[in-house]
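User: Could we go through this model together? I will begin with the surface and then move to the strands.
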Amino acid sequence: MDLIPLLLMFGLLGVMMYFMTRRQRRAQEQQQALQNSLDVGDRVMTTSGLYGTVTDSSDSATITIEIADGVETEWLRAAVREKVGPVDEAVDEDTDVVEVEDVVEEPVVADAKDTEDAELESGKKK
């Protein structure tokens, strides 16, 4: 009779380990697919946070990334974290200055009345 709780505990542990390894295996497969799909012209971010454009992907173990005009570095494919979208750049023809346009969302400002109502509902202010 004391054997049933022990079996249930090991069964539950086994199920948890199965689901954890399944999720990890899926993430590894997705990362491998990303590394195999890298092609010239793809904009990528490395695991260290460096952004660049792939200029050579002919080697199976490494890729060449251009991080600035004329500056190319060689990286292991495993160092690429993700593909990122292109950057919108506008070059001023007179000064040759590159202006990068960032999309910035306006912050949401709560009204004092909304904050007061929320505090009253949560019981913090009476």
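User: Why does Arg22 count as partly exposed?
Analyst: Arg22 counts as partly exposed because its relative accessibility is 33%; buried means under 20% relative accessible area, exposed over 50%, and partly exposed in between (1.4 Å probe, protein chains only). The model is predicted: local features need pLDDT of at least 70, side-chain atom pairs count only at pLDDT 80 or more, and totals for chains, interfaces and linings use all residues. Residues are numbered from 1 along each chain as its sequence is written, and side-chain values use heavy atoms, with hydrogens and water left out.

User: Where does Arg22 lie?
Analyst: Arg22 lies in helix H1, residues 3-36. Helices (H or I, at least four residues) and strands (E, at least two) are DSSP runs, numbered from the N terminus.

User: And Glu74, buried or exposed?
Analyst: Glu74 counts as exposed, because its relative accessibility is 59%. Glu74 belongs to strand E4, residues 71-76.

User: How do E3 and E4 pair?
Analyst: Strand E3 (residues 62-68) pairs with E4 in the antiparallel sense, over 6 bridges; pairing requires that DSSP finds at least two bridges between two strands. Glu66 has Glu72 in E4 as its bridge partner.

User: Which residue in that hairpin takes a positive phi?
Analyst: Gly70 does, with phi near 80 degrees; the hairpin has 2 residues between the strands.
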